[in-house]
Every structure is written in C-alpha cells, then in structure tokens.
Amino acid sequence: MKHEECNFFRCSNRVGIFLVALYILCFAWYFIHPVNQSVHIQMLEMSYFGFSGMNFVSFLLGAIQTYIWGYVGVGLWSLLGCCHTKGTCKK
C-alpha cells in the first residue's frame, strides 16, 4: 500500500474550505428559516470579530476567520501527533 506524504497546507485547505461551506450554510440559513433571527445574529456576533449584521463585509470577515480556524485546527491536531506518523499518512 502506497503512503502519501503529509502536506499540512493541503489538509488545512480542505478543512478550511469545508468549514467555510458550513459557514455559508449557516449564513444562508438566516434567510431560509427566518425563526429567531435576532438570536442567530447574536451568535454570529459572538463568534466572529467585526461581525455587524447580515451584510457583505460581515460575511467576508466571517468566511476568512472560519478558513483560518481550519489551519489552526489542523495545526493543533498535527502538534498533538494524532494525524501524522514519521512523515507519512496512514490510510
């Protein structure tokens, strides 16, 4: 079985893009399911720096922060040694 070399940036990109997709779904849910919209906005304001409402700037700031959290999460996972073993990924 061939082992693939671990690539921190590729793994982080995949996790970051996945988290941004979830963020887009969360942002769209505000318009799709208009129940408790004030609570939804309050949770987004608590979760993201600079979030000021359902506008483009807030959306962009949240997406960037979510993508960065993908890198942070994979970095912590790598530091703990749970993901990599001697430079190769297990399949």
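Is Phe27 buried or exposed, and at what relative accessibility? In this predicted model, Phe27 counts as buried because its relative accessibility is 10%, and a residue is termed buried when that value is under 20%.

**Helix α1**

Phe27 lies in helix α1. At the start of α1, a side-chain oxygen of Asn7 comes to within 3.1 Å of the backbone nitrogen of Phe9.

The buried residues of α1 are Ser12, Gly16, Val20, Tyr23, Phe27 and Tyr30. An α-helix has 3.6 residues a turn, so residues three or four places apart point the same way. The cover over the buried residues of α1 includes α2 (37–47) and α3 (56–80). Phe27 itself is in contact with Phe51, Met54, Asn55 and Phe59, when neighbours within four places in sequence are left aside. Leu44 is 17 residues away from Phe27 along the chain, yet their C-alpha atoms are separated by 8.9 Å.

**Helix α2**

Which residues of α2 are buried? They are His40, Ile41 and Leu44. These residues lie on the same side of α2, because they cover an arc of only 95° around the axis. What covers them includes α1.

His40, a residue of α2, is buried because its relative accessibility is 14%, which falls under the 20% limit. Its side chain reaches the backbone oxygen of Cys26 at 3.0 Å. Apart from neighbours within four places in sequence, His40 is in contact with Cys26, Trp29 and Tyr30. Tyr30 is also one of the buried residues of α1.

**Helix α3**

Helix α3 has 25 residues. From its first C-alpha to its last it reaches 36 Å, close to the 36 Å expected at 1.5 Å a residue. At its start, a side-chain oxygen of Asn55 reaches to within 3.4 Å of the backbone nitrogen of Val57. After α3 comes Gly81, which has a positive phi, near 80°.

The buried residues of α3 are Ser58, Gly62, Ala63, Gln65, Thr66, Gly70, Val74 and Gly75. Their cover includes α1 and α2. Gln65, which is found in α3, has a relative accessible area of 14% and is therefore buried. Not counting residues up to four places away in sequence, Gln65 touches Ser47, Tyr48 and Phe49. Phe49 is 16 residues from Gln65 along the chain, and the two C-alpha atoms are separated by 8.2 Å.

**Annotated regions**

The UniProt annotation "transmembrane region", taken from an unreviewed entry, covers residues 12–32 and 52–80. The table sets out what the model contains over these two spans.

| Span | Helix content | Strand content | Distance between end C-alpha atoms |
|---|---|---|---|
| Residues 12–32 | 100% helix | 0% strand | 30 Å |
| Residues 52–80 | 86% helix | 0% strand | 35 Å |

**Summary**

The buried residues of α1 have α2 and α3 among the elements that cover them, while those of α2 have α1 as part of their cover. For α3, the cover includes both α1 and α2.

Methods:
Residues are numbered from 1 along each chain as its sequence is written. This is a predicted model: local features need pLDDT of at least 70, side-chain atom pairs count only at pLDDT 80 or more; totals for chains, interfaces and linings use all residues. Side-chain values use heavy atoms; hydrogens and water are left out. UniProt positions are given in the numbering used here, feature names are shortened, and annotations may be inferred rather than shown by experiment. Helices (H or I, at least four residues) and strands (E, at least two) are DSSP runs, numbered from the N terminus. Buried means under 20% relative accessible area, exposed over 50%, partly exposed in between (1.4 Å probe, protein chains only). Contact means heavy atoms within 4.5 Å. A polar contact is a pair of N or O atoms within 3.5 Å; within protein, one must be able to donate a hydrogen and the other to accept it, and residues adjacent in sequence count only if both atoms are side-chain atoms. The arc is that of the directions from the helix axis to the C-beta atoms. The expected span of a helix is 1.5 Å times one less than its number of residues.
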